[in-house]
Each structure stands twice: as structure tokens, then as C-alpha cells.
Amino acid sequence: MTDTTMPPPEDRPAWGERFRRVATNGRLTAVLILLPPALILFTLFVILPLGESGWYAFYDWNGYGTPEDFVGLRNFEQMAGHSVFATAVGNTVKIIVVSLLVQMPLALFLALLVYRKTPTNAAFRLIFFVPYIMAEVAAGLIWSFVFDGNYGVTASIATTLGIERFFVLADRDLAFYAVMTVIVWKYFGFHMMIYIAALQGVPEDHIEAARIEGASRPQIVRHVQIPHIRPAIAVSAFFAIIGALQVFDLIIPLTNGGPSNQTQTIVTYLYEFGLTRLRIGFGSAVGVVLFVAAVLVAVFYQRIFMRKGTP
Amino acid sequence: MRFLATTALTLTASLGAGAAWAQEGEVTILRVQPGDEEEAFYAEVEQAYEAEHPDVDIVFEYIANEAYKSKLPTLLQSDARPDLFYSWGGEALREQAEAGFVRMIDDLVPEDVRATFPQSALDAFTVDGALYGLPLYATEVVFWVNTDLTEEGGVDHTAIETWDDFLQAVQTLKDAGVTPIVAGGQDKWPLHFYWSYLALREGGPDVVTSAMSGDGGGFENEAFVAAGEDLKELAALEPFQPGVMGTTYETSSGMFADGEGAFYLMGDWDYLPMRGRASDGEGLSDEQLAIMSFPTISDPVAEGGAGATLGGINGWAVSRDASDTAVDFLTFMLNRENQETIAERGIFIPIVEGADEALTNAFFQRVASDISGSDYHQIFLDQFLGASVGATVNDVSADLVADATTPEEAAARVQEAWDFR
């Protein structure tokens, strides 16, 4: 990288000369005109709130006036000692695991079935992609009707099988499995699309060559196609993890974090215990923890998996 | 360029003038979205006042309940704050008063106007001896009874006096194949009515206020633990509709109106809404409905709680920069004549003394006499204790019903939330 972009030191023109060139070729004007809007918006709505929540996190503050009651690390201590926070973190980890071990293999399997460009495949691709297009809140509401033990699909199943009606979302042990099912259903289409795009880029002659060598379909998938789309898998896993850290709008209409806080994720925990209870300081502390987790994942993941993958 | 500059100047000037004019004669009022009839009533009041005061512009704005609660703190700190806003009194108003976002109106409300409100209702809008708003209506939480179902199950609800009677009735109904109680467990607050009422009955009228001041072990007081035990005793009978913890308030309200359970612990305000939520849009007729007060405890931890009621005293708070005109409009809106109109139309039970005589609905009449005859009207704990502790009370009530906590642990969690509020 270094040897391609920078000219050798002796060829570098003098500073004045460089500045004049930059100033006259219109690039500087472009920067001056195009950069400020984005920069100002980003600063106002991303950087400032980030900094502010980092500040609020050390105060006991209910949102009225300016924070005055400095409590040091108390918000963080309370969070660490709160059983519901532990449940929320555990649930988030469960979502990550299910995304990686169930959702991604499922998406890959379906992608392998429909990646070739035929009219039937296009239809199926669309069908599989529909859940992802749907708004999260709408999807959550629809599934809350599906799981409804009185009128929902589960009620018809129970009647058909002649068993007692069951209420998945009201069951402390089952509710989170229901939530995870909905999450897999909602997002597998997105990962499938990433794989389809990558699979279409795998050189056909490689597959052809393997076939002539006598490789079976599973062997082609295992030794030709998957190695080729490894960068795409790395990207989709990254999205799966970051997405899992942020799950919120599916849960609220489905269970609202209940029963007995068994289906809270880190973000619903933040909302429930920070915002609705008007403990803005505490909520900010949760936000800081979530932000740090997301940044750590992003940085380390990119370092470890995504650099090797890219050519 | 000069044209641009002039336009800009004119624009700024006119905007500035507009803003100044708006400040002088405009009164903005923010309320949680009410029903259509109440909204129509406000439109009439607005017209009547504007006809008498042509220089005043009254503007009513409405937002949905949950959004209102989360937006209000931000709104009060901005320049767009309303002059009058809907309030539940209690801790929330105290927090607003301590942060200096509400206006003291003692000098603006004449003595004769003040005398039209019961003292207990004024107290709900008083913080440290200063008045910050005026009450609008009172609500009471009662057991709504589906008399068809109680008859079918062989239970006489008028004979239920004590909690033990009630448990017995629940068992009888269950044996007869009738769902004894419907509740919206997913929203948690419908279940907090049980815990609150039981705590009042077990610990007497000042159980909550003394816990707030830390007396007798605070919220870990015996009375709160006993309330938890009573609630667990009920939950052990599995009295609720199946899937209660996955049912919202709205759904449960419709279920009761559809005749899917015999008892339903809810505020009097649900009288009209529950019919709207019934699947046929009509629900139970007045003949099929009855009201029952929350049962008493035969051997309570402390005496005196048998006559207490639980409910709300809702009203209007006056924000920091509100004009005197805003307060004048407030007293106009709450005058006896206007509140009688409300009573006549059966919109809610006005708190202004005497206005409830205009009530025509028998259920509202009963609730009005309950409240005026009550030894102590406790405001909903989830409002009274502030947002954070209130939500914890809702949590533990739901957990007690779901058998996810013990009565001792429930009381300790509320105390912990109170310490950390």
C-alpha cells in the first residue's frame, strides 16, 4: 500500500506548490462545500450525544435540569449487581450463538439452493427476503398473534392435536426460544442475500473443473464454493453479531421484555430501566457499556477475521 | 443579494413578532390522548373561553399515553413547554417542582375556587405546602363483576367481604369451570393493583407514606410481606385466564367484556373502553355488570385499612413560564358548570365538589360515593412512588403472580429501588 500511493520523497513538490495545486483544482472547494453538512450533522447527532451519555453515566439524574448528583461508578456497580442485567447479557449472547450456529448455516443452505439465476429461484429469493423487508414492530406484532394461545396459530395447532392450549410468550422458560425463532426468521434472508451475491461471483470454471475431477455436490460446496465466499461469510457474521447486540424493536411488541424480565436484551434493558423509569444516568451507563462492547467487537473482529479474508 | 438580505430581515422580523404575539395571548395545553367525548368537551370549553376573551388563543394538544410520559421531561426543559399539562400528581410532580419546572399558583387561585375541591385532592397537587396545579378527576380501582358468570358458578359476589371469602369464591368458580379472574399480566400494572390494595388492607392507610419515610423497616415492613403472601395465595389457585402473563391490558379488558372471566380488577375508567374492545363492540350490559369493593383482611398486620381506596387523582399542572391567563383558563375549565357537563355526559367523575351529583350512570355514582366516603384515597403506587420505584412495584407484583419471587424478596426489591431512586 505504501509504495503505490506515495511518490518517492525526492519527487515531492514544495509545500507551497502543493497547496496551490490543491487550492486551484477545485478539490478544496469541494471539500469545503461538501464536508461541513455531514460533519456538523454527525457531530450534533452522534458525537455529542455519545459524549453526553458518557458524562451522564456518572450521575444520578432523572432528566430534569442539569445533572448535579455525582455518584462516581455507582450506576455501573448497580448494573453489574442486577440480576436482570445478567439475564439481558445472557440473552444477547444466546442471540449471537443462535445467529452464528442456526441462522447463518440456514441462510447458506438456502442461498446454495437459489443462487443460480432462474425465474423460480428469483421467486423463492423474494419469498425468503420478505421477512427482512418487513418493519420490525410489524413483524413482532404478527408473531405475537401467531403465538397467541387463544386465537393464534398455536391455538389451532393445540386444537388439532387435541392438547391443552399453550401460551409460549407467557411461559418464563419458553418465551425466549420463541423470540429467537422470530429473530432467525426475520434476518436469515439478509444473510442469504449476502451469500447469493458472493456465490454468483464464484468462477463457474472452478466448479466445472471440480465436477470433472469427480467431486460430489457436497464436496464442491465444501472445497470450492465456501472457500471462495469466505469474505462474505465474515461480513455476514459481523452483521449478525452487531445486530444481536442491538435487538430491540422485535422484542417490545412480542413480550415487552417479560414474563418477569426473562426476554430482556441489553437494549430493552436500557429502555426499560433507564428511559421508562426516568433514570437517565443509569440508562446512560448501560449505553456506555453497550457502546464499548460494540466497538470492541467491531475492532477485534475486523482485525482478526476480516483482514485475512479480503484479497 | 440585497433582495435576499431584505427578505431575510423581513422574515426574521415577522417571525419575531409572531413569537411575541404567541407568548402574549396563547395558552397551550398538553394532555394524554383522551376519548372522543372528552376531546369534544375541551373543544367546547376552548370556544367558550375564547368568546369571552377574544385576545386569548387556547391550544389543546394530545399525545398517546406512553409517549407522553417519556416526552414530558424533555418538553418541560425546552422552549416549547406547554403552559398546562396533564399530571398524576405524586412523586413525578415533586421531581418537576424540585427541578423548578412548574409554577406555584397559590396566589392565583382564589379562596372560593379552592374551596370547590376536596382538600385531599388539592394535596395531590401540593408539594411542600405550595400548590402547583389543580385536580380534575378521581378514579377508583374496583372489582368489576360479571354477574352472569358468578351466578353460573354459584357465587354471590355481594356476600364477599374478606380476602378469604374471595379466595373461596375463586375456588368455587374454578370448580364450576368458570375462569375466575382476567388480568393483563404482560403490562404488569394491572397486577400491581392487587399488591397495592393488599398492602393497604394489611398495613392501614398510612402504610405507604410511613414506608417512604423509612419507618418500620420501610417497604420491607411486615405489611408488604403479608401483602405478597396474600397475593401468592391467590396466584396458587391459578385463578387467571390461561396465558395471563402474555395478555396486555387492552386484550384483558376485551376478554372481560366478552364474558371470559367473572372478576376483573380495574379502574372505573374502563367502563366505556372495555365495551369498545369487546369482539361484538357492545360487551356486557349494565344488568350483567356489578361493582365490588376490594375485599378486606380478617386479621391484618395493622388495623385501619379496611376503608381505604386505591385509585388516581389526576389533574393539571402549571408549567414554569405559564401566564396568569393560563391559570385563569384552568380555573374556568374546572368550574362547577363545566364539570357538571362532564358528569352529565358520563365522561368521568369530576372532582369538583357537587359536580358528581349530575352523574347519571349508576356505576359512576357508586364510585363517586366510594371516593368521597373513603378513609384514605391512595394514589396508584406506580405513580405515587415515581417512575423508577413504581415500575419496580409493577415488576414484583407480576413476579409474585408468576411465582418468580418470594414475598420477602419482593418487598426487599421495592425497598432497594426506593433507596436508589
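**Strand β6 of chain B and its partners**

Begin by selecting β6(B) together with strand β7 of chain B (residues 263-267), two strands that run antiparallel and are joined by five bridges; strands here are DSSP runs of E with at least two residues, numbered from the N terminus, and two of them pair if DSSP finds at least two bridges between them. Within this pairing, B:Val142 stands opposite B:Met266 of β7(B).

This is a predicted model, in which local features need pLDDT of at least 70 and side-chain atom pairs count only at pLDDT 80 or more, while totals for chains, interfaces and linings use all residues. Residues are numbered from 1 along each chain as its sequence is written, and chains are lettered from A and ligands numbered from 1 in the order in which they are written.

Then select strand β8 of chain B (residues 289-292), which pairs with β6(B) in the antiparallel sense over four bridges, with B:Asn146 partnered by B:Leu289.

Now colour β6(B) itself, residues 133-146: 14 of its 14 residues are buried, so the strand is largely enclosed by the rest of the structure (buried means 20 or more other C-beta atoms within 10 Å of the residue's own, with C-beta atoms placed from the backbone).

Finally, show both chains: 20 residues of chain A are in contact with 21 residues of chain B, contact meaning C-beta atoms, placed from the backbone, within 7 Å.

Methods:
A residue is buried if 20 or more other C-beta atoms lie within 10 Å of its own, exposed if 12 or fewer, and partly exposed in between; C-beta atoms are placed from the backbone. Two residues are in contact if their C-beta atoms, placed from the backbone, lie within 7 Å.
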